[in-house]
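Please open the model in your viewer and keep the sequence panel beside it.

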Amino acid sequence: MTANTLSAAPTRREFLKSAGTAGAVALTIGFEWVGAARRSLAAAVAPGAAATFTPNAFLQIGADNSVTVIAKHVEMGQGAYTGIATVVAEELDADWSLVRVESAPADVKRYANLAFGTIQGTGGSSAMANSWTQLREAGGKARAMLLAAAAKEWKVPVADLTVEEGTVYHAGKKLKATFGALVATAATLPVPETVQLKDPKDFKLIGRRAPRVDAAAKSDGTAQFTIDVALPGMLVALLQRPPLFGATVKTFDAAPAAAIPGVVKVVQVPGGVAVVAQSFWAAKQGRDALIIQWDDSKAEKRSTAQLLDEYRRLADQPAASARKEGDAAQAIKNSARKVSASYEFPYLAHAPMEPLDAVVKLTAERCEIWAGDQFQTIDQANAAHTAGLDPQQVSIHTLYAGGSFGRRANVGSDYIVEAVSIAKAYGADGTPIKLQWTREDDIRGGLYRPMYFHKLEAGLDDKGQLNGWRHVIVGQSIMAGGAFAGMIKDGVDPTSVEGASTIAYAIPNISVDLATTKTGVPVLWWRVVGSSHTTYAVEAFIDEVAHAAGQDGFTFRRKLLEHQPRMKAVLELAAEKAGWNTPLPPGKGRGIAVAEAFKTYVAQVAEVSVGKDGQVKVDRVVCAVDCGTPINPDIIAAQMEGGIGFGLGAALYGAITLKDGRIEQGNFNNYRVLRMNEMPKVEVHILPSTQPPTGVGEPGVAPLGPAVANAIFAATGKRNYVLPFPNA
Amino acid sequence: MTTSFVLNGNPTTLQADPTMPLLWAIREVAGLPGTKFGCGMALCGACTVHLDGKAIRSCVTPLSTVAGRKVTTIEGLVTTPAKAVQAAWVKLQVPQCGYCQSGQIMSATALLETNPAPSDADIDSAMSGNICRCATYTRIRAAIHAAADSIKV
């Protein structure tokens, strides 16, 4: 095991001492995955394995004092592994330097996401929120058993014992024992039904900047991603997918591909034609050489402009109601001052840095999958269905995911099903096959954040009070037709309207309506899901309404949030830290926006410079966040920083467009994302809280676009109604 | 066909198509997976390695180009600036998903090898070819400054 790659790993006390300073934090904890030889959880926890104490599904303690936390969530950058380990180690009073993390197998009985019900998966910024109590109890019960073991061995009352950094002490008798020395006895004791959890004031790890468990391996090239899996005899496959969504293979000529040295086999699968080769390069050359005739009779052939025309028309027709209080139409009609605006949002690709990939080893009896897997039990079921096996015959090794932003969490398990179907067509002979997507495959592969059209109207009375608000949203449903379709109620997919139907401002008359469209373009949740567009519409429009009322955007919002203490608090903190009322030189502007997403509250103030050519440079973003109990302030800050950069890239450049059904973008040259020189300075302020923790992976994205748009307005007097910003 | 070059200080001969991009030769033939595939068009920098000490994009560099030359990958970083960069990456907790970070570290190391005290503008210029979708850019910038400070003579 290589848990501690630095010889002088500090004790937890040293870490805690150094964590708040600029002193070197040398603590590194390795996540170890040793390829095909990775021991299965079942083997590790087999009964009679006296060297290991496995009090529950989330924890193993070895006689060597090692503490292995089993993570049911994928680590895709959001810091889940570190957060999960922190919560378990806190209640266990473990020696943090001996804690490591392993990924859980697919097993819905033990590892369901409690926010999803009967699905094991990661999404909706739910990892810490759904695991909080579960993991605290897992750590606390194990601690209680270790204490009981010491009490039994020493024949003393439990009440006389203390625990610190993985060691149990009896002060009076001057006895001590490490966890490892107690595992054999602890393993024979019953698991307590209940456990007293710590008082938050006694937290020693939670709320501190525990170093990420994956930082060292991700700084020396040793972190294991799916693309790095190398199994004996493994082949590499590239799949040629149809150029139009909905097209299918009519005929193909495999001969030119098969003639490429290194190409082993060309196989047709439901998703297209795959070239299986001894190397990526051979597979790529083979795929380039394929000659395929496509049947595009059922394909989507429209262009973005046509879709937008249809969406605009639908915005004026009756739609499903997502929220209705009072009579918004009448209130606006009777108002002294009316404001209206419409907003256009494009399709967006997730474009994680690691292009999608999966390794599959398939036989007649078993299917073994390696992937940066985000929906383990959905992927397991889909893989089983594709392979003609039972889900129990499919095992999944969840590896580090090189980004996802929602892409790897899809109910059709697209890239997993492709890989299994290729392994099946290849012969299901146990040959490991790695399906590798290229960047072009990724950008043109669909499952985009849907395109949306929003139309808003508001009415102000003669005192400048907002008394009516109408919001119509037009776009595709993400949940329709899939495993989450049951969440669609009365024609409203909550992921289409969240952030708009949940608007926190006190408005007496309000209506939020949804028109759900259908196109041939597959869609999916994209970081912060509905709020990736609704927050822009709401927060850009409320700014326009405030301006029409002759009021400052911050003051106007604050008055409407009198009964929303957490929302109001982040708004006020961001404004205060940003120096909201301090003047800026000409050509610069400051804008504010606030959002709630996944029960986390975020406000951001953006400062922009706009050049004479209209070029926008975001200089600084001040962010205030309330995510309940802050488990790891440094990871919270990192997620806000990252969310801001992710949101800014989308606001400035992000757009997937169709021309006669073809995606016009293909790589980072024409699907631009944010780069180093465009990244603003970011300051993150976290509100202290003892509420249960909520997620931080996504919410930081939501207010960024409108904060920047409102800053551009402050600098130039021009509003942006079209995303991405035309002048970027 | 074989191509001979020095890989991470070791004389190496690879048997591979000489038109194969260096990226895939390093990863799949030499078995060093730290260098990553991100775009295949020198647009993202995930594949950055050093060729005779300069940062290059291995995804568009044919294997034949490196014959007789010195290639360094993330696995072969040994210099003082390189170690300072890696230590700063851990200290400032730069990585999130981590996939692009080998390339980021290779670009940052090449920068510090020639410019031991880079300005923000120098960092922009050297690092803007390396995309990070997690947008760890503020920490990358801070870590480069921290690494530079740590090796200041």
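**First stop: a sheet in chain A**

Select strands β19 (residues 452-460) and β20 (residues 466-476) of chain A: the two run antiparallel and are joined by nine bridges. Strands here are DSSP runs of E of at least two residues, helices are runs of H or I of at least four residues, and both are numbered from the N terminus. Two strands count as paired if DSSP finds at least two bridges between them. Within this pair, L460(A) has L466(A) of β20(A) as its bridge partner.

The model is a predicted one, in which local features need pLDDT of at least 70 and side-chain atom pairs count only at pLDDT 80 or more, while totals for chains, interfaces and linings use all residues. Residues are numbered from 1 along each chain as its sequence is written, and chains are lettered from A and ligands numbered from 1 in the order in which they are written.

Now extend the selection to the open sheet of five strands, ordered β13-β21-β20-β19-β14 in chain A, with mixed pairing. At its edges stand β13 (320-325) and β14 (337-345) of chain A; each has a single partner strand, so one side of each lacks a neighbour in the sheet. From one strand to the next the twist averages 10°.

**Second stop: V168(A)**

Select V168(A), in strand β6 (residues 167-170) of chain A. Is V168(A) buried or exposed? V168(A) is buried, with 25 other C-beta atoms within 10 Å; the cut-offs are 20 or more for buried, 12 or fewer for exposed, and partly exposed in between, with C-beta atoms placed from the backbone. Beyond four places in sequence, its contacts (C-beta atoms within 7 Å) include L146(A), A150(A) and L182(A).

Display both chains: 44 residues of chain B are in contact with 51 residues of chain A. On the chain B side, α2(B) gives the most, with four residues.

Buried residues make up 63% of its 153 residues.

Conventions: Contact = placed C-beta atoms within 7 Å. Axes fitted to C-alpha atoms, helices over the stretch in contact; angles between N-to-C directions.
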